[in-house]
Amino acid sequence: IRRIGTAAVDLCFVACGRFGVYYETSLNPWDVAAGGLIVLEAGGKVSTIQKKNHWLSGESILAYAPGLETGVNHLLVDFICTDGDNR
């Protein structure tokens, strides 16, 4: 896990291929708006950790490079419990 310190830079690193996946919680819209758009324009995917499309709120964000969706979904099931149960 690497962290640069700003959501915008971390998201740009996903867009250019330096990072495969980025997630974070408790952000603001201005933290994720530009970087999330750059990821989308580069062909990546952006959603919330709960796999919803309203990531722009900044409540949570999950961004990943093209081709990593299967791996990301396995990580979410295995490590991030989003509905309160202990899978």
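These exercises walk through the fold of one predicted model, each with a worked solution.

Residues are numbered from 1 along each chain as its sequence is written. Local features need pLDDT of at least 70, side-chain atom pairs count only at pLDDT 80 or more, totals for chains, interfaces and linings use all residues, and side-chain values use heavy atoms, without hydrogens and water.

**Exercise 1. The overall pattern**

Task: Find how many helices and strands the protein chain has, and the pattern they follow along the sequence.

Solution: 
- Step 1. Helices (H or I, at least four residues) and strands (E, at least two) are DSSP runs, numbered from the N terminus.
- Step 2. The protein chain has three helices and three strands.
- Step 3. Along the sequence the pattern reads α-β-α-β-β-α.
- Step 4. Of the 87 residues, 32% are buried. Buried means under 20% relative accessible area, exposed over 50%, and partly exposed in between (1.4 Å probe, protein chains only).

**Exercise 2. Helix α1**

Task: List the buried residues of α1 and explain why they lie on the same side.

Solution: 
- Step 1. Helix α1 spans residues 7–16, and its buried residues are Ala 7, Asp 10, Leu 11, Phe 13 and Val 14.
- Step 2. These residues cover an arc of only 155° around the axis, so they are on the same side of α1. The arc is that of the directions from the helix axis to the C-beta atoms.
- Step 3. Recall the general rule. An α-helix has 3.6 residues a turn, so residues three or four places apart point the same way.
- Step 4. The buried residues of α1 pack against β1 (21–25), α2 (29–41) and β3 (60–64). Contact means heavy atoms within 4.5 Å.

**Exercise 3. Helix α2**

Task: Compare the span of α2 with the expected value, then find its buried residues and their partners.

Solution: 
- Step 1. The expected span is 1.5 Å times one less than the number of residues.
- Step 2. α2 has 13 residues and reaches 18 Å from its first C-alpha to its last, close to the expected 18 Å.
- Step 3. Val 32, Gly 35, Gly 36 and Val 39 are buried in α2.
- Step 4. The buried residues of α2 pack against α1, β2 (45–47) and β3.

**Exercise 4. Positive phi**

Task: Locate Gly 17, Ser 26 and Gly 43, and give the phi of each.

Solution: 
- Step 1. Most residues other than glycine have a negative phi.
- Step 2. Ser 26 has a positive phi, near 60°, and is a residue other than glycine. Ser 26 sits in the loop between β1 and α2.
- Step 3. Ser 26 is exposed, with a relative accessible area of 66%.
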